Amino acid sequence: MKLIDGNAIAESIIEELTVQVGQIQGKKPVVAFIRVGDDPASVSYVRKKEKTAERIGIESRLYLLPEDVSKEALFAQIDSLNADPDINGILIQAPLPSHIDETETFNRVLPNKDVDGFNTLNIGKLCQEDDSGFVACTPAGIVELIKRSEIETEGKHVVVLGRSQIVGKPAALLMMRKALPGNATVTICHSRTQDLPSITRQADILIAAIGRANFVTGDMVQDGVAVIDVGINRVEDPSKKRGYRLVGDVEFDAVAPKASQITPVPGGVGPMTVAMLMHNTLRAFKAAQAG
């Protein structure tokens, strides 16, 4: 079994981006983060994105809005950033408060500044295999992990566990596209799938993004499977200072011995998401410069 080191692969991408940004004369790329409320996980995620941007040489600007912000006020902030020629990318940190519709909010961001890849137009471009759009950062990170880990996808059976707009659906589209990584036969499973283990056991590559701690057990995979674990779940652990530890959607100790390659949690897909956000921001900057 080979452990896929997401930290190391993300670090390679960040180093590549740092070189590219360092070669830019004059104005550097700018990404704007909008955070609504003070959800501890959101605070942590945005801080990490800010630090990574700073390392690369990308300027980040943070806009904080209260938990009870109105839709109109949030959209006014997005419209202001859309209209600002200095802003290349806009990221709205999810989750948003329950009174704000996330899909409507993501669609408010101009497609050419939608570095999160959640706008309907960018999702449509992904469906049409139009490379001019932005791919959501986590699925893009999954593809980069697979590519740099030299996991063969052509003709393989990829099982995607989860059907979210943010991970499951775009990951499936990327794996079935006419490109490499891609050219795979893809099955999407979810909470209503009948006899789920019989399907996951067929997977040459399993992408687990169902959001349930340790959901995938050893009897649900075949020997030699490559496992990409997207889940980040907190489970209580009194032995830890924080009172909890992070685990994936895959029961690592049971599945790893059967896997050819597997991502750990943490240190697998997570760092890749941030790296691909920066990749998309640099792309948006270059496109804006090209006019």
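## Terms and model

Helices (H or I, at least four residues) and strands (E, at least two) are DSSP runs, numbered from the N terminus. This is a predicted model, in which local features need pLDDT of at least 70 and side-chain atom pairs count only at pLDDT 80 or more, while totals for chains, interfaces and linings use all residues. Residues are numbered from 1 along each chain as its sequence is written, and side-chain values use heavy atoms, with hydrogens and water left out.

## The annotated site

Under "binding site", an unreviewed UniProt entry lists G162, R163, S164 and I232; UniProt positions follow the numbering used here, feature names are shortened, and annotations may be inferred rather than shown by experiment. Of these residues, S164 and I232 are included in the lining of the largest pocket.

G162 is placed in the loop between β5 (157–161) and α7 (168–176), and R163 lies in the loop between β5 and α7 as well. G162 counts as buried because its relative accessible area is 6%, where buried means under 20%, exposed over 50% and partly exposed in between (1.4 Å probe, protein chains only). R163, at 42% relative accessibility, is therefore partly exposed. Contact means heavy atoms within 4.5 Å; not counting residues up to four places away in sequence, G162 touches G168, I188, C189 and A209, and R163, with neighbours within four places left aside, is in contact with G168, K169, I188, H190, S191 and R192.

## The largest pocket

A pocket is found on a 1 Å grid over the protein atoms alone, as an open set of points where a 1.4 Å probe fits, with protein on both sides within 12 Å along at least five of seven lines, and its lining residues have an atom within 4 Å of a point. The largest pocket has a volume of about 1,400 Å³, a volume being the space filled by probe spheres set on the points, which are joined across faces, edges and corners. Among the 46 residues that line the largest pocket, the closest to its centre are Y45, T138, V230, I232 and G270. The largest share of this lining, 7 residues, comes from α2.

## The nonpolar core

A nonpolar core is a set of buried Ala, Val, Leu, Ile, Met, Phe, Trp, Tyr and Cys residues joined through side-chain atoms within 4.5 Å. In the largest one, which has 49 residues, I142, I207, I228, V230 and M278 touch the most other members, and helix α10 (residues 269–290) gives the largest share, 10 residues.
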